[in-house]
Amino acid sequence: MRKADLEQNHDSFDEAIERYRGFMERILEAQRVVRTQTEKQDVAESVLLRLCAHWERFVDEHLVDCVNCDHSRLNEFLGVTIPRHPSRNVCQAVLFGGSYKDFRSFGDLKGFSRKVLPDESNPFLVIAPAHGAKIDEIFKIRNYLAHYSAAARRALDRMYEQSYAIQRFQEPGRFLLAHNGRRLWAYFDALSAVSSDMREWCNTA
């Protein structure tokens, strides 16, 4: 397993998480430029969208690098013979076919990873279910903010009710910053924990 590329993926992702965490801490403390609660909620929603983008890039890069290290399962999944030492670009093209892969949930991502990676070469399997559930929550919020569709609102409403016993719909910014931003910080913590667990796996694999 070539650890350098995997470590670089973690470094970039972890730096983004810490940068946005620090930014949001300053926003919540701000008394002048970003003064009102509504403005702070708007910023929190924007930051969450950025976190999702960084997570998606991290997942794509990690899948490609892991396949580049071990493509034996991908051979079986596709029913083709990939050269013994394929370039990273070849792995990316074979894995995604030049298109965007939209994982509908953490379970969807985990299932896909098992199709293309042997278990012993799959860092996504070490992600704790509780952290996967938090990632699913983050993306329910992202989907609503990205589309404002009735379907996305219903999915978010169900998440509010089932996970937080919230009976009345709230806009995501208000939800995220309630209780001194506890829910937003929980999402930061979950993403950091996922990266930490995967990094530890890479260092011991």
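Residues are termed buried under 20% relative accessible area, exposed over 50% and partly exposed in between, with a 1.4 Å probe and protein chains only. Y160 and F169 are both buried by this criterion. The model is predicted, with local features requiring pLDDT of at least 70 and side-chain atom pairs counted only at pLDDT 80 or more, while totals for chains, interfaces and linings use all residues. Numbering starts from 1 along each chain as its sequence is written, and side-chain values use heavy atoms, leaving out hydrogens and water.

The largest nonpolar core holds 58 residues. Such a core is a set of buried Ala, Val, Leu, Ile, Met, Phe, Trp, Tyr and Cys residues joined through side-chain atoms within 4.5 Å. M24, W55, L63, L95 and I141 have the most contacts inside this core. At least two core residues come from each of α1 (3–29), α2 (37–69), α4 (88–96), α5 (106–116), α6 (129–147), α7 (150–164) and α8 (172–204). Helix α2 supplies the largest share, 13 residues. Helices (H or I, at least four residues) and strands (E, at least two) are DSSP runs numbered from the N terminus.

Contacts (heavy atoms within 4.5 Å) were listed without residues up to four places away in sequence for L63. On this basis L63 touches L95, F96, F103, L109, F112, S113, L117 and F124. H62 lies in helix α2. This histidine counts as buried because its relative accessibility is 0%. Apart from neighbours within four places in sequence, H62 contacts L6, N9, H10, P123, F124, M198 and C202.

Aromatic pairs number ten. Rings of Phe, Tyr and Trp (its six-membered ring) pair if their centres lie within 6.5 Å; planes under 30 degrees apart count as stacked, over 60 as edge-to-face and the rest as tilted. The W55 and F58 rings have centres 5.8 Å apart and planes at 35°, so this pair is tilted. Both residues belong to helix α2, where W55 and F58 are three residues apart, about one turn of the helix. W55 counts as buried at 5% relative accessibility. F58 is likewise buried, at 3%. Y160 and F169 also form a tilted pair, with 5.7 Å from centre to centre and 45° between the planes. One aromatic cluster comprises Y144, Y148, Y160, Y164, F169 and F175.

Charges also sit over rings, defined by NZ of Lys or CZ of Arg within 6 Å of the ring centre and within 35 degrees of the ring normal. R153 lies over the face of F169, at 4.0 Å from the ring centre. R19 lies over the face of Y20, at 5.1 Å from the ring centre.
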